[in-house]
Amino acid sequence: MNEPSAYAALFTLGDIEGSGEHRLWVSCIAQSCVDAASRDPEVRGEMIEWLASDDFEMICGLASMRAEAVRSIIEDIMTTESKRKAFDYRDWE
């Protein structure tokens, strides 16, 4: 089996079986992974600012995820080498 993607690993950090509201906040975190892999420098710049914000900490809390772990995964996705792994759906098992 291949190394699990960073994106798939994100969803092991919280309980995604929660309420619709909980799934909404998890979806916000998922979108941040997509934005982190963007080739648009403006989008990536906004992501870097968001990672340092109180809003990021709050959203992670609402998603029942540890902000430090989520931040680490998003920063990993932002690296060139990890972008390919982050969205390799074959690893999602």
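Trainee: What share of the 93 residues in the chain is buried, and what makes a residue count as buried?

Mentor: Buried residues make up 37% of the chain; the word means under 20% relative accessible area, while exposed means over 50% and partly exposed lies in between (1.4 Å probe, protein chains only). This is a predicted model, in which local features need pLDDT of at least 70 and side-chain atom pairs count only at pLDDT 80 or more, while totals for chains, interfaces and linings use all residues. Residues are numbered from 1 along each chain as its sequence is written, and side-chain values use heavy atoms, leaving out hydrogens and water.

Trainee: Good to know! What makes up the chain in terms of helices and strands?

Mentor: The chain has 6 helices and 0 strands, where helices (H or I, at least four residues) and strands (E, at least two) are DSSP runs numbered from the N terminus. Among contacts with a separation of 6 or more, 66% join residues 24 or more positions apart, contact meaning heavy atoms within 4.5 Å.

Trainee: What makes up the largest nonpolar core?

Mentor: That core has 18 residues, and I29, F56, V70 and I74 have the most contacts inside it. To belong to such a core, a residue must be a buried Ala, Val, Leu, Ile, Met, Phe, Trp, Tyr or Cys, joined to others through side-chain atoms within 4.5 Å. Two or more residues come from each of α2 (20-36), α3 (41-51), α4 and α5, and α5 gives the largest share, 5 residues.

Trainee: Helix α4 (residues 54-62) and helix α5 (residues 67-77) cross at roughly 110°; why is α4 called roughly perpendicular to α5?

Mentor: Their axes, which come within 9 Å, are lines fitted to C-alpha atoms, for helices over the stretch in contact, and angles run from 0 to 180 degrees between N-to-C directions. Angles under 35 degrees count as roughly parallel, over 145 as roughly antiparallel, 65 to 115 as roughly perpendicular and the rest as oblique. The value of roughly 110° falls in the perpendicular range, so α4 is roughly perpendicular to α5.

Trainee: And which residues make the contact between them?

Mentor: F56, E57 and C60 of α4 meet A67, V70, R71 and I74 of α5. By class there are 5 nonpolar, no polar and 2 charged residues; Asp, Glu, Lys and Arg count as charged, Ala, Val, Leu, Ile, Met, Phe, Trp, Tyr, Cys and Pro as nonpolar, and the others, Gly among them, as polar.

Trainee: For α2 and α5 the angle is about 25°; why is α2 called roughly parallel to α5?

Mentor: With the axes 8 Å apart and an angle of about 25°, the pair is under the 35 degree limit, so α2 is roughly parallel to α5. Here I29, S32, C33 and A36 in α2 meet V70, I74 and I77 in α5, giving 6 nonpolar, 1 polar and no charged residues.
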